[in-house]
Amino acid sequence: MTGRGRWKGATWRTMSLGVVAVALAACGGGDKPASEASADMTAGAPPAAEQVAVASAGAGAGEVLYARCVTCHQMNGEGMAGAFPPLAGSEWVNGPASHPIAVVLHGMQGPITVKGVSYNAAMIAYGTGVPMSDQEVADVVSYVRTTWGNASGPVTAEDVATVRAATATRTRPWTAAELAALK
C-alpha cells in the first residue's frame, strides 16, 4: 500500500470515529446537564456562558438545544435523504403537539412516512443520558414547530409535563402507528 493509501484510510477512520462521537453526543450521551452537553456537540462550539449570550441575542434556547439534532435532521431541518426524515414541513411536527413531544421524550423507531417518503430508522430519546427539564423539551419542540416554514404554535412546559405524565410508564421508543394513536 502506498503512503497515500494509508493516509486516506486513516483519514476515513478518523472521520468515521468523529461522526460516531458527534452522533452519540447529539443524542444525549454523557453526564453533563443538557445546557452544557449541547455546547460540546461540534468542534469549536461556544462554552455554556457564550450560549446564554447567543440565546439572549435572539438565537433562543430551542435553537441552541437543536444543535443536538443537526447530525441527523440537519441545520435546515431537511433531514438526510433515505436515512433521516425532514422536520421542515413534516406532518408529524405540524400535527398534534403531543407527537413531537412524545418523540423527544421517548424516541421513535421503525417505518414512518414523512411528506410522502418512507424512512426506517431509529431515534433515541432526545435526553438519553442527560436529564431534560419540561422547559428544555418545550424549547426545542417549539423551535422545530416554528422554524423552516413550519407554522405550528409553540408548546409550553405545561404541555410537556402533561405528555410526560401520560407516557411515564413507556419504556421503549414509539412506532408511527403508536404515535398516530396518541392523543
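Is Trp148 buried, partly exposed or exposed? Trp148 is partly exposed, with a relative accessible area of 22%, where buried means under 20%, exposed over 50% and partly exposed in between (1.4 Å probe, protein chains only).

The model is predicted: local features need pLDDT of at least 70 and side-chain atom pairs pLDDT 80 or more, whereas totals for chains, interfaces and linings use all residues. Residues are numbered from 1 along each chain as its sequence is written, and side-chain values use heavy atoms, with hydrogens and water left out.

Select Trp148 first. Trp148 lies in the loop between H8 and helix H9 (157-166); helices (H or I, at least four residues) and strands (E, at least two) are DSSP runs numbered from the N terminus. Its phi is near 60°, a positive value in a residue other than glycine.

The structure holds 3 aromatic pairs (ring centres of Phe, Tyr and Trp, the latter by its six-membered ring, within 6.5 Å; planes under 30 degrees apart are stacked, over 60 edge-to-face, the rest tilted). Tyr143 and Trp148 form an edge-to-face pair, 5.6 Å centre to centre with 80° between the planes. With Tyr66, these two residues form one aromatic cluster.

Next, select H8, residues 134-145. Of its 12 residues, 10 are buried, so H8 is largely enclosed by the rest of the structure; Val140 and Arg145 are among them.

Finally, select Arg170, which lies over the face of Trp174 at 3.7 Å from the ring centre; the criterion is NZ of Lys or CZ of Arg within 6 Å of the ring centre and within 35 degrees of the ring normal.

Methods: Expected span 1.5 Å × (residues − 1).
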